[in-house]
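Here are my notes on the model you asked me to look over.

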Amino acid sequence: MGKVVLVTGAARQLGGRFVRHIQRDPEVDRVIAVDAVAPGHSLGDARFVAADIRRPAIARVLAEYAVDTVVHLDVSAKPVGVGSRAAVKETNVIGTMQLLGACQKAPGVRRLVVKSSTNVYGSAPRDPAVFTETTPPKSLPSGGFAKDVVEVEGYVRGFARRRPDVAVCVLRFANILGPEADSPLADYLSLPVLPTVFGYDPRLQFVHEDDVVDVLGIASREPRRGTLNSGTFNIAGDGVLLLSQCARRLGRPTMPLLLPAVTWVGQALRRVGMTDFSPEQIRLLTHGRVVSTVQMRETLGFGPRFTTAETFEEFARGRGPGLLPPEAVGRAVDRLAAAAPFIGAGAEALRTTRTGGTSPTPSAGRQ
């Protein structure tokens, strides 16, 4: 038997797309799609196995089908259907531990691909302008999905040390968007009015769903001549967008709030189920995050078909028009930006008057 690829997270939209994509590879003889719940989409000719990767049964699946390539996509910030944050964390962390333990005992496994996220770098006020794969975070994530991926990558590094014969590839994806995007950030950008942190306009990067599927295919095959697909790689489209630019292109007005108020709004939105406005997402929408993709191009040999701006354009088209024409939103954002220095100066003068002296000027937000 030739190459047998096992894909976790097949019930997710992205997992289903990759399962259908990898079947077209002439080097692949069989695809085993694994998830704890049955997918609501087609998996083509793949063999679906209902298995929870948090359970030891995943080891039997690897042995039964003589799997040699494992593509671990069941690392996500959002549950499939109705689920809780606790269940997602268990799948991300405990599921990864169980899967890696099964891979370690399976002598036939020769390649492991893990979907990770640029969330591992966190978002902090003193972050560098651009993160490389070797840049340590200024502030380690304290919870949520960001902490999950930090733990997942730690377990993957341990596995790589114990099984040096296995080619391990970790792909740190920027925010994934596209017509079918299903993530907390996509939910936030779909709100009729976007709550933002007053005084901040973060830089954001996106990667298109199609590019995600393509790069996963490159990582799961033998490397092409002159490239290497073992190691850790940042994956993002070229360029950046400011959050204010995203709002303009969506035609959605923004609602600048002081940071405590943004936190309260986020808690309210979580309670009503509109979006998972987590603390890590609030930090991203405050400080932003940009990563270097030099290794993606020069070592992995992958060039995305979509830039960050083109990816966002595809997403915006899929979500439909906002409440206001983009031109009107743009003019309003420009007026608010022009007024911000005067508002800040007025607030500072008021504080000085009340205290009877001068007070230090607060540091400006990262743009």
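**Notes on the predicted model**

1. Let's start inside: Phe-131 is buried, at a relative accessible area of 1%. For the labels here, buried is under 20% relative accessible area, exposed is over 50%, and partly exposed is in between, with a 1.4 Å probe and protein chains only. Bear in mind that this is a predicted model, where local features need pLDDT of at least 70, side-chain atom pairs count only at pLDDT 80 or more, and totals for chains, interfaces and linings use all residues. Residues are numbered from 1 along each chain as its sequence is written, and side-chain values use heavy atoms, leaving out hydrogens and water.

2. How many aromatic pairs does the structure hold? There are three aromatic pairs, where rings of Phe, Tyr and Trp (its six-membered ring) pair if their centres lie within 6.5 Å, and planes under 30 degrees apart count as stacked, over 60 as edge-to-face and the rest as tilted. Tyr-121 and Phe-131 are stacked, because their ring centres are 4.7 Å apart and their planes sit at 20 degrees. Both Tyr-121 and Phe-131 lie in the loop between β5 (111-117) and α4 (144-162), so the pair ties together parts that are ten residues apart in sequence. Helices (H or I, at least four residues) and strands (E, at least two) are DSSP runs, numbered from the N terminus. Tyr-121 also counts as buried, at 2% relative accessibility. Elsewhere, Phe-206, Phe-312 and Phe-315 form one aromatic cluster.

3. Helix α6 (residues 209-220) is worth a look. Its twelve residues should span 16 Å at 1.5 Å a residue, and the end C-alpha atoms are 17 Å apart, which agrees; the expected span is 1.5 Å times one less than the number of residues. Is α6 enclosed or open? Eleven of its twelve residues are buried, so α6 is largely enclosed by the rest of the structure.

4. Asp-52 and Arg-54 meet in one at 2.8 Å, N to O, and Asp-52 counts as buried at 19% relative accessibility. Glu-151 forms another with Lys-89, the closest N and O atoms being 3.8 Å apart. That pair links distant parts of the chain, with Glu-151 in helix α4 and Lys-89 in helix α3 (residues 85-105), 62 residues apart. Glu-151 is partly exposed at 22%, and Lys-89 is partly exposed at 31%.

5. Which residue forms a salt bridge with Asp-238? The partner is Arg-297, with the closest N and O atoms 2.8 Å apart. Asp-238 is in the loop between β11 (231-235) and β12 (241-242), and Arg-297 is in helix α10 (residues 294-298), so to speak a link between distant parts of the chain, 59 residues apart. Asp-238 is partly exposed, with a relative accessible area of 37%, and Arg-297 is partly exposed at 37%.6. Tyr-155 is found in helix α4 and is partly exposed at 31% relative accessibility. Together with Ile-94 and Met-97, Tyr-155 makes a nonpolar surface patch of about 240 Å². Patches are made of residues with over 30% relative accessible area and no salt bridge, with like charges joined within 9 Å and nonpolar side chains (Val, Leu, Ile, Met, Phe, Trp, Tyr) within 5 Å; accessible areas come from the Shrake-Rupley method with a 1.4 Å probe, and for residues only the protein chains shown count as cover. Arg-157 is in helix α4 too, partly exposed at 47%.

6. A couple of cysteines to check. A search of the whole structure finds zero disulfides, a disulfide being a pair of cysteine sulfur atoms within 2.5 Å. Cys-169 counts as buried at 0% relative accessibility, and Cys-246 counts as buried at 0% as well.

7. Most residues other than glycine have a negative phi. Ala-66 has a positive phi, near 50 degrees. Ala-66 lies in the loop between α2 (57-64) and β4 (69-72) and is partly exposed, at 47% relative accessibility.

Note on methods: A salt bridge is a side-chain nitrogen of Lys or Arg within 4 Å of a carboxyl oxygen of Asp or Glu.
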